[in-house]
Amino acid sequence: MSRGSGAGYDHHITVFSPEGRLFQVEYAFKAVKAAGFTSIGVRGKDSVCVVTQKKIPDKLIDPSSVTRLFKITKFIGILVTGMMADAKSLISKARQTAADFRHSNGYEIPVDYLAKVIADQAQVYTQHAYMRPLGVASILFAIDEELGPQLFKTDPAGYYVGYKATAAGAKEQEAVNFLEKKMKSDPSLSYDETVQAAIAALQSVLSEDFKATEIEVGVVRAGDDTMFKVLPVEEVEDHLTAISERD
Amino acid sequence: MSSIGTGYDLTTTTFSPDGKIFQVDYAQKAIDNSGTAIGIRCKDGVVLGVEKLVISKMLVEGSNRRIFSCDLHAGIATSGLAADGRQIVNRARAEAANFKNFFGDAIPGEVLCDRIASYKHLFTLYGTRPYGVGTLLAVYDEEGPQLYQIEASGVGMRYFGTAVGKGRQGAKTEIERLKLSEMTCREGVLAVAKIIYQVHDDAKDKAFELELSWVCDESQRRHERVPADLHATAETAAKAALEDDDDD
């Protein structure tokens, strides 16, 4: 193992560079971008919607086994971007955390607390030289019992915060620019407006019109049934049609 | 940015400036340089085939196997570093046995794939090197026959058909041409043998042994070596097909 001190190792392990940067953490962010996907999340007045591309690199892969949208609990969904193996590990830990919380405390884990736990774990990796950060950005979403629709993003640096709208991955900056314009007036988006805003944002930054089978859409809605759902192809189709008719 | 490591490739715990982990990429290269292994999912089961390169004439035929069973209904074909491959198989066997012990039922394909994948992934996180193994997992459970490929990085996906190793590009092209959803495993065995013979590079590697296994309705949903007569038929047909191509 390389030593922590000495010239040049600040690029190799998670120690500070003379300018106060953590290069390994910055490179982990690059890994998130290098995966080549863009993910978007939008919070409406009573719902949250996340959307991402579904690109299958090889015709021989069974598409039903490929997804980046997962359930942590019945109520909390997660959309991961970056290195898939790291993502599965993170999801596994998150599920364990959520289940332990429910068992110990008797009620469902709040999504902001779960985001904090995931972020704190990521921070540990940025401080221990013998571990590397995970190359994953996760977008968590749920309807909180007290606070309503919630959207959080955690990153390899161990930072997390709640958002009105957010993006991660290859075209993160372009997506954020689009979303900032959309959310500037602090609109109160209905469910349909939320879903269509998210899909339209993805279409705009990737400059392509999608078929319903090329994207994955996950939602949570306030009301009787606040469970996390992946939208079936027909519903995605309906939203895509609504967007194109609007334009 | 250099695509050779130059300093960022010394340990698994280092990201390169492009966000790659070179040690994992290098492990994948070890797999890409080994003998070809193929898996196809037919309508009634899964067939695995391995081009086992024979380095010495003194080796007893049938020794140094590369296809293993992890449970009655599941089998693994390994490619890459053989010793690493055996460790993965040991782990898979332990996972399957543990699951049976704990839940009282055979481990589902998806679960076993995830277990193997997360095990391999562990080794891409900490101080040890990654496993230089590409795993083809064939399972026949209540959901039907399934084929999974787990890469050195710990990413596991379900496939209709796939190949790893030296001849994987050529093999994948051939597999894409097959109508897998209409094929039976009997036909699949012949196809796999044919493809392996086709992609075997006579110039670079001389002798090889063909290992074939299947888990299908005909084998009572058990993972077994293909029966000797079918194996012989497949090899003869494969050799004949090659000669036909040579004549063309």
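**Figure 1. Strand β9 (residues 208–216) of chain B pairs with β10(B) in the antiparallel sense, over three bridges.** Two strands count as paired if DSSP finds at least two bridges between them. Strands (E, at least two residues) and helices (H or I, at least four residues) are DSSP runs, numbered from the N terminus. This is a predicted model, in which local features need pLDDT of at least 70 and side-chain atom pairs count only at pLDDT 80 or more, while totals for chains, interfaces and linings use all residues; side-chain values use heavy atoms, with hydrogens and water left out. Residues are numbered from 1 along each chain as its sequence is written, and chains are lettered from A and ligands numbered from 1 in the order in which they are written. Within the pair of strands, Val215(B) has His223(B) of β10(B) as its bridge partner.

**Figure 2. Five strands of chain B make an open sheet in the order β8-β1-β2-β9-β10, with antiparallel pairing.** The edges are taken by β8 (161–164) and β10 (223–225) of chain B; each has a single partner strand, so one side of each is left without a neighbour in the sheet. From one strand to the next, the twist averages 15°. Helix α5 (residues 185–199) of chain B packs on this sheet and touches β1 (37–42), β2 (45–53) and β9 of chain B. The direction of α5(B) makes about 155° with that of β9(B). Axes are lines fitted to C-alpha atoms, for helices over the stretch in contact, and angles run from 0 to 180 degrees between N-to-C directions.

**Figure 3. Helix α1 (residues 22–32) of chain B has buried residues, among them Phe22(B), Val24(B) and Ile31(B).** Buried means under 20% relative accessible area, exposed means over 50%, and partly exposed lies in between (1.4 Å probe, protein chains only). Gln23(B), Ala27(B) and Asp32(B) are also among the buried residues of α1(B). What covers the buried residues of α1(B) includes β4 (74–80), β5, β8 and α4 (168–177) of chain B.

**Figure 4. Gly132(B) lies in the loop between α3 (109–122) and β5 (133–141) of chain B.** Because its relative accessibility is 2%, Gly132(B) counts as buried. Leaving aside neighbours within four places in sequence, Gly132(B) is in contact with Ala27(B), Ile31(B), Ser79(B), Gly80(B), Leu81(B) and Asp84(B); contact means heavy atoms within 4.5 Å. Ala27(B) and Ile31(B) are among the buried residues of α1(B). Tyr26(B) is 106 residues from Gly132(B) along the chain, and their C-alpha atoms are separated by 8.3 Å.

Figure 5. Side chains of opposite charge can pair when their charged atoms come close. A salt bridge here is a side-chain nitrogen of Lys or Arg within 4 Å of a carboxyl oxygen of Asp or Glu. The structure holds 24 of them over all chains. Glu209(B) and Lys52(B) are buried.

**Figure 6. Glu218(B) and Arg186(B) form a salt bridge, with their closest N and O atoms 3.0 Å apart.** Glu218(B) is in the loop between β9 and β10 of chain B and Arg186(B) is in helix α5 of chain B, 32 residues apart, so the pair links distant parts of the chain. Glu218(B) is partly exposed, with a relative accessible area of 38%. Arg186(B) also counts as partly exposed, at 37% relative accessibility.

**Figure 7. Strand β4 (residues 77–82) of chain A has six of its six residues buried, so it is largely enclosed by the rest of the structure.** β3(A) and β4(A) run antiparallel, joined by three bridges, and form a hairpin with five residues between them. Leu69(A) stands opposite Leu79(A) of β4(A). Six bridges join β4(A) to strand β5 (residues 136–144) of chain A, again antiparallel. Here the bridge partner of Val80(A) is Ser138(A) in β5(A).
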